[in-house]
Amino acid sequence: MDRVLTLLSFGREGWGDDIAAGVLVTISLALATLPFGLVVGFAVALGKRSEEAALRLAANIYTTIFRGLPELLTLFLVYYGAQIGVQQLWRLLGGTGGIEINAFVAGMVALGAVFSSYASEVFLSAFRAIPAGQYEGAYAIGLSRWLTMRFVILPQLIRVALPGLSNLWLILLKETALVSVIGLSDILRQTGIASRVTKEAFLFFGIACLLYLVLAMLSSVVLSAIERRVSAGGAPR
Amino acid sequence: MSAVRPAVVTEDLPPPPPARRMTRARALGIALISLWAVLGVGIMLFLISSLNPELFQRYLPRYASGLWVTIKLVALSVLAGALLSVPIALGRNSRSRPIAALAYGYVYFFRGTPLLAQTFLVYYGLGSFREELQVVGLWGFFRDAWNCAVFAFTLNTAAYQAEILRGAIQSVGRGQWEAASALGLSRLQTIRKIIVPQALLVALRPYGNEIVLMIKGSAIVAIITVYDLMGETRRAYARTFDFQTYIWAALIYLSIVEMLRRAIDRIERRLTRHLIR
């Protein structure tokens, strides 16, 4: 028991501080991906319900690709693909030497693309839940398209889409574990290093699992608070 | 008075089609489609220009064997998970508090942690219990990466499938149970002939999604040295540094997942054709 506590302490002997740094990386990656994924997902959802066939097709291609590829493969495609692309561009511009793609940014782009294609489906079904009368009423009192979206549709849309988006957030939190493979020091990579050095694999990977569970629980608490808050102002359904 | 003009016949003519104006949405749509087209053509040109018969000859069989490993892994763990999910789903609905709590804990753990972490926990973590496992005679089983992958995936998908099963059974109305017992059917008969056929209809889509998720998730076994499609791809890339290895893998995964999705759509439409929609 003493040995376990020493291993987990925050200090030169223990791995507590390294793992805590990993937790920070995991959280910041998920938080950085979220707004990007939400905005793109919303835009893709708008594209999917557009009257323009071309726009619908373009949006559908996007979701087909990023929902069909394994997340790990998407990550590799972005990480190595961008590396090669940027390198070639750099040479074309007359640069010398290599350029490194940031693993954090690659993770953000890959996870964001996956998140946004699932989010677009959530937004799309939320749009379907809003009756056409809401648009008609808003146009009838003279609101512009933008104002209608901002003050009439979005507040209702968020309420309908929130459970689906909460679910996607929990999935995103778990998927961040993949970036440990391209060398980002998240929870899983830090615990992996610790387990290799100390030969206590079960202890450290068990702790990694527990940390993900704690993050999921904390998210659930926050998300249900947001849900209560958002639904408090609305008419009973 | 000028000459009499012929009356213009307007009634029989159809209204002119509305002019297809170039709206902003239309321009954006065309721009995005062109972007996709350029990307698609670019990838195709890249694949054609770097076409290398020697590479093909060398890696085609490996990709095929990798694909087979992926399919075996998913099929095995989904089937084993389906068996394991039944007691878990029953446990979730159990009236006994400890059993229900245990089943809930199981589901919460496996749905709340990353599959990658679970796989590491089994593959690397169980090595910590080497002596104990040797005593029970299971060490030989858990030393092998393939067995560990199947084991971890089975436990993981069982948790998801248990929730699908539970949801599907709950979606069948209470009236069905009551009507069956009013007809004098036994509990087993009710489950087999009344509840399960209706529940499976509801569960079909979630089960399909779970299989798709497993196919995509199975790519991570490449990290614990199982040579599935992803593993073969990584090995090929590490040897050739040729980016087309990844593109081929992406095309294969995309077409499998898309075919599966369409097949499930078809089956669902066929099975629910008696339902009014």
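This is a predicted model: local features need pLDDT of at least 70, side-chain atom pairs count only at pLDDT 80 or more; totals for chains, interfaces and linings use all residues.

**Terms and their grounds**

Mentor: In chain A, the mean positions of the 18 positive and 14 negative charges lie 7 Å apart. Lys and Arg count as positive and Asp and Glu as negative, while His and the chain ends are not counted; the place of a charge is NZ of Lys, CZ of Arg, CG of Asp or CD of Glu. For chain B, the mean positions of its 31 positive and 15 negative charges are 5 Å apart.

Trainee: How many helices and strands does chain B have?

Mentor: Chain B has 11 helices and 0 strands. These elements are DSSP runs numbered from the N terminus: helices are H or I of at least four residues, strands are E of at least two. Chain A has 9 helices and 0 strands.

Trainee: What makes chain B more spread out than a compact globule?

Mentor: For the 277 residues of chain B the globule rule gives 19 Å, and the radius of gyration is 28 Å, well over that value, so chain B is more spread out than a compact globule. The radius is taken over C-alpha atoms, and the rule is 2.2 Å times the number of residues to the power 0.38. Along the principal axes, the C-alpha atoms of chain B fill a box of roughly 115 × 70 × 30 Å; for chain A the C-alpha trace spans about 70 × 55 × 25 Å.

Trainee: Why is the pair of A:Tyr80 and B:Tyr237 called tilted?

Mentor: Rings of Phe, Tyr and Trp (its six-membered ring) pair if their centres lie within 6.5 Å; planes under 30 degrees apart count as stacked, over 60 as edge-to-face and the rest as tilted. By this rule there are 22 aromatic pairs over all chains. For A:Tyr80 and B:Tyr237 the centres are 5.1 Å apart and the planes at 40°, so the pair is tilted. This pair crosses between chains, from helix H4 (residues 71–92) of chain A to helix H10 (residues 229–240) of chain B.

Trainee: How do you know whether B:Tyr237 is buried or exposed?

Mentor: Buried means under 20% relative accessible area, exposed over 50%, and partly exposed in between (1.4 Å probe, protein chains only). B:Tyr237 has 10%, so B:Tyr237 is buried. A:Tyr80, at 23%, counts as partly exposed.

Trainee: Why is the pair of B:Phe56 and B:Trp248 called edge-to-face?

Mentor: The ring centres of B:Phe56 and B:Trp248 are 5.7 Å apart and the planes stand at 90°, so the pair is edge-to-face. B:Phe56 in helix H2 (residues 53–92) and B:Trp248 in helix H11 (residues 244–271) are 192 residues apart in chain B. B:Phe56 is partly exposed at 33%, and B:Trp248 is partly exposed at 29%.

Trainee: Which residues do ring pairs link into a cluster?

Mentor: The cluster consists of A:Phe76, A:Tyr79, A:Tyr80, B:Tyr237, B:Phe241, B:Phe243 and B:Tyr246.

Technical notes:
Residues are numbered from 1 along each chain as its sequence is written. Chains are lettered from A and ligands numbered from 1 in the order in which they are written. Side-chain values use heavy atoms; hydrogens and water are left out.
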